[in-house]
Amino acid sequence: MKLTLALLISVLILQGCSVSRYQHAQDFTPEPIHDLSTLQEPTPKLEPRSAMGNPSRYTVWGKEYEVLPTAQGYKERGTASWYGMKFHGHQTSNGEIYDVYQFTAAHKTLPLPSYVRVTRVDSGESVIVRVNDRGPFHDGRIIDLSYAAAVRLGINKQGTALVDVEVIQPPSAESVRWVQVSALSDIKAAMRLQQELQRGLLPLNWPVGISTSDGERPLHKVRIGPVPEGDALNEVLAKLKNINIASPLLLAEHQL
């Protein structure tokens with residue numbers, strides 16, 4: 001059977017990701033991230049499946065994997081690891097360039113790209129990442145995080161951690177709103193609020209981000225969204241009211 005050109009390229013990239021790059025003699029840790037507030041987690045959005053990296057099946061090291069037809073409803077608990085500089089600057093499985101300072105991840109079976117929330121089971125710390133690569137191909141591991149995501153979860157030194165991985169469904173192309181909960185001058189306080197909201201809003205699973213304004217005294221605005229208007233937005237507002245946040249600011253995209 002003849003492979004299409006796109007599928008052939010996809011298979012070659014998968015093979016490069018899983019074999020040749022793993023043959024580097026040594027890996028090394030990236031330059032430390034001194035201020036995580038300078039790095040923004042991705043906002044989930046509707047994206048078409050990548051032309052590369054999404055074969056229905058592929059084989060690595062003699063083991064066959066089947067790519068899921070849809071990311072919807074995916075949830076799994078297992079071990080997360082992270083991958084560093086020996087992959088930095090190389091193509092990911094969908095043809096993008098891996099950057100250790102972006103919030104991305106590798107997964108064996110989710111469609112590329114997908115957006116997931118990764119939550120440490122022991123601490124409750126979580127991060128949103130965009131899955132654009134294949135792996136990890138070590139037994140017992142379910143997701144490989146970028147260095148930035150590993151630092152956000154505090155697993156960059158220990159190497160692995162038990163996590164919950166859950167897909168975030170981007171909103172449809174209908175009217176959406178962002179829910180601004182607070183604007184704080186202290187970035188650490190904003191990050192704490194972000195983590196509290198991520199825990200408190202589960203299982204609604206909408207992204208919680210921080211947008212920082214310019215100026216001598218920047219404000220760090222903690223926002224939920226985008227959330228589709230209607231039942232989804234009403235559910236978020238009800239959840240916020242239950243945790244004593246009764247009057248959040250509702251914003252359209254042009255107000256961000």
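This is a predicted model: local features need pLDDT of at least 70, side-chain atom pairs count only at pLDDT 80 or more; totals for chains, interfaces and linings use all residues.

Reader: What makes strand 3 and strand 7 a pair?

Author: Two strands pair if DSSP finds at least two bridges between them. Strand 3 (residues 75-82) is joined to strand 7 by 4 bridges, and the two run parallel. Strand 4 (residues 104-106) is joined to strand 7 by 2 bridges, in the antiparallel sense. Ala 106 stands opposite Asp 144 of strand 7. Strands here are DSSP runs of E with at least two residues, and helices are runs of H or I with at least four, numbered from the N terminus. By that count the protein chain has 4 helices and 12 strands.

Reader: Why does Leu 39 count as buried?

Author: Buried means under 20% relative accessible area, exposed means over 50%, and partly exposed lies in between (1.4 Å probe, protein chains only). Leu 39 has 18% relative accessibility, and therefore counts as buried. This residue is found in the loop between helix 1 (5-20) and strand 1 (57-60). Contact means heavy atoms within 4.5 Å; leaving aside residues up to four places away in sequence, Leu 39 touches Ile 33, Tyr 101, Phe 103, Ala 148 and Arg 152. Leu 39 and Phe 103 are 64 residues apart along the chain, with their C-alpha atoms separated by 8.3 Å.

Reader: How many residues of strand 7 are buried?

Author: In strand 7 (residues 141-145), 4 of the 5 residues are buried, and the strand is mostly covered. Of the 256 residues of the protein chain, 50% count as buried.

Reader: Why are helix 3 and helix 4 called roughly perpendicular?

Author: Axes are lines fitted to C-alpha atoms, for helices over the stretch in contact, and angles run from 0 to 180 degrees between N-to-C directions. Angles under 35 degrees count as roughly parallel, over 145 as roughly antiparallel, 65 to 115 as roughly perpendicular and the rest as oblique. The axes of helix 3 (residues 187-201) and helix 4 (residues 231-242) come within 10 Å and cross at roughly 110 degrees. The two helices are therefore roughly perpendicular to each other. Leu 197, Gly 200 and Leu 201 of helix 3 make the contact with Val 236, Lys 239 and Leu 240 of helix 4.

Reader: Why do strand 10 and strand 12 stand at the edges of their sheet?

Author: The open sheet has 4 strands in the order 10-11-9-12, with antiparallel pairing. Strand 10 (208-212) and strand 12 (249-251) each have a single partner strand, so one side of each is left without a neighbour in the sheet. From one strand to the next, the twist averages 35 degrees. Strand 10 pairs with strand 11 (residues 220-228) over 5 bridges in the antiparallel sense, and Gly 209 has Arg 223 as its bridge partner in strand 11. Helix 3 packs on the sheet, touching strand 9 (176-184), strand 10 and strand 11, and its direction makes about 160 degrees with that of strand 10. Helix 4 lies across strand 9, strand 11 and strand 12, at about 140 degrees to strand 11.

Conventions. Residues are numbered from 1 along each chain as its sequence is written. Side-chain values use heavy atoms; hydrogens and water are left out.
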